[in-house]
Amino acid sequence: MEGVAKRAGVSKQTLYRTWPSTGAILFDALLSRSTDEHDTVAVPDSGTLADDLQSLATATIAELTDPTHEPLLRAVTAEMQSDEELAAQFRELLLGPQLAGISNRFRQENIPNSDDLAELFVGPIFHRWLLRSRPFDSDWVRAHVARTLRGALSA
């Protein structure tokens, strides 16, 4: 908080009146980058589900692995592990709307179990990023979209 206060030219008390923790400040910064002018998490809708999922996966991975933003994302993720209020905000304001948007995109295609499929889509991306288990590449993204669509069609 000290560094943020100094850079913003305000006291730490001023920051703590608005944000209860460093994680809360970081989350607000993350949220402002992830929503549109109506504070909505945007999900692509080109009319072709496979293209939309490909675009969304590619954009999500680009954001998660951007060298400038990845430390912020990892800091918020780490902070959420011990700050239930921050985790609830993340679920309510960012993850929930993103999953709802993806789920709605599946529903537009009359695909059942759309909520489960939305989680099936984002889960492996976050797992691979969080654990740094394997790198991302365009072949993996294409295969992941194809797996998700196979799951959608067999559901």
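This is a tour of a predicted model, one selection at a time.

**Before selecting anything**

Residue numbers start from 1 in each chain, following the sequence as written. Because the model is predicted, local features need pLDDT of at least 70 and side-chain atom pairs count only at pLDDT 80 or more, while totals for chains, interfaces and linings use all residues, and side-chain values use heavy atoms, with hydrogens and water left out.

**The whole chain**

Colour the protein by pLDDT, the predictor's confidence in each residue, from 0 to 100. The average is 85, and 82% of the residues score at least 70. Among the elements, helix α1 (residues 2-8) has the lowest mean pLDDT, 67, and helix α7 (residues 114-131) has the highest, 95. Where pLDDT is low, the predicted coordinates should not be read in detail.

Switch to a cartoon. The protein has eight helices and zero strands, giving the pattern α-α-α-α-α-α-α-α along the sequence. Helices (H or I, at least four residues) and strands (E, at least two) are DSSP runs, numbered from the N terminus.

Of the 155 residues, 37% count as buried. Buried means under 20% relative accessible area, exposed over 50%, and partly exposed in between, with a 1.4 Å probe and protein chains only. Contact here means heavy atoms within 4.5 Å. Among contacts in the protein with a separation of 6 or more, 59% are between residues 24 or more positions apart.

**Stop 1: α7 and α8**

Select α7 together with helix α8 (residues 138-154). How do they pack, by angle and axis distance? The angle is about 155° and the axes are 9 Å apart. Axes are lines fitted to C-alpha atoms, for helices over the stretch in contact, and angles run from 0 to 180 degrees between N-to-C directions. α7 and α8 are therefore roughly antiparallel to each other. By definition, angles under 35 degrees count as roughly parallel, over 145 as roughly antiparallel, 65 to 115 as roughly perpendicular and the rest as oblique.

The crossing of α7 and α8 is right-handed. A crossing is right-handed if the near helix is turned clockwise from the far one by less than a right angle, and left-handed if anticlockwise.

Now show side chains. From α7, take Leu117, Leu120, Phe121, Pro124, Ile125 and Arg128; they meet Trp140, His144, Val145, Thr148, Gly151 and Ala152 of α8. By class, the residues of this contact are eight nonpolar, three polar and one charged. Ala, Val, Leu, Ile, Met, Phe, Trp, Tyr, Cys and Pro count as nonpolar, Asp, Glu, Lys and Arg as charged, and the others, Gly among them, as polar.

**Stop 2: the loops on either side of α7**

Select asparagine 113, in the loop between α6 (84-108) and α7. Its phi is near 55°, a positive value in a residue other than glycine. Most residues other than glycine have a negative phi. Asparagine 113 is partly exposed, with a relative accessible area of 45%.

Arginine 132 is exposed, at 59% relative accessible area.

Proline 135 is found in the loop between α7 and α8 as well, and is exposed at 65%.

**Stop 3: α4 against α7**

Select helix α4 (residues 49-65) with α7. Their axes come within 11 Å and cross at roughly 25°, and the two helices are therefore roughly parallel. The crossing is right-handed. Leu53, Leu56, Ala57, Thr60, Ile61, Leu64 and Thr65 of α4 make the contact with Phe121, Ile125, Phe126 and Trp129 of α7. That gives nine nonpolar, two polar and no charged residues.

**Stop 4: α4 against α6**

α4 passes α6 in a left-handed crossing. Leu49, Asp52, Leu53, Leu56 and Thr60 in α4 meet Gln98, Ile102, Arg105 and Phe106 in α6. This contact has five nonpolar, two polar and two charged residues.

Finish at threonine 48, in the loop between α3 (22-34) and α4. Threonine 48 is partly exposed, at 37% relative accessible area. Its C-alpha atom is separated by 9.8 Å from that of arginine 105, 57 residues apart along the chain.
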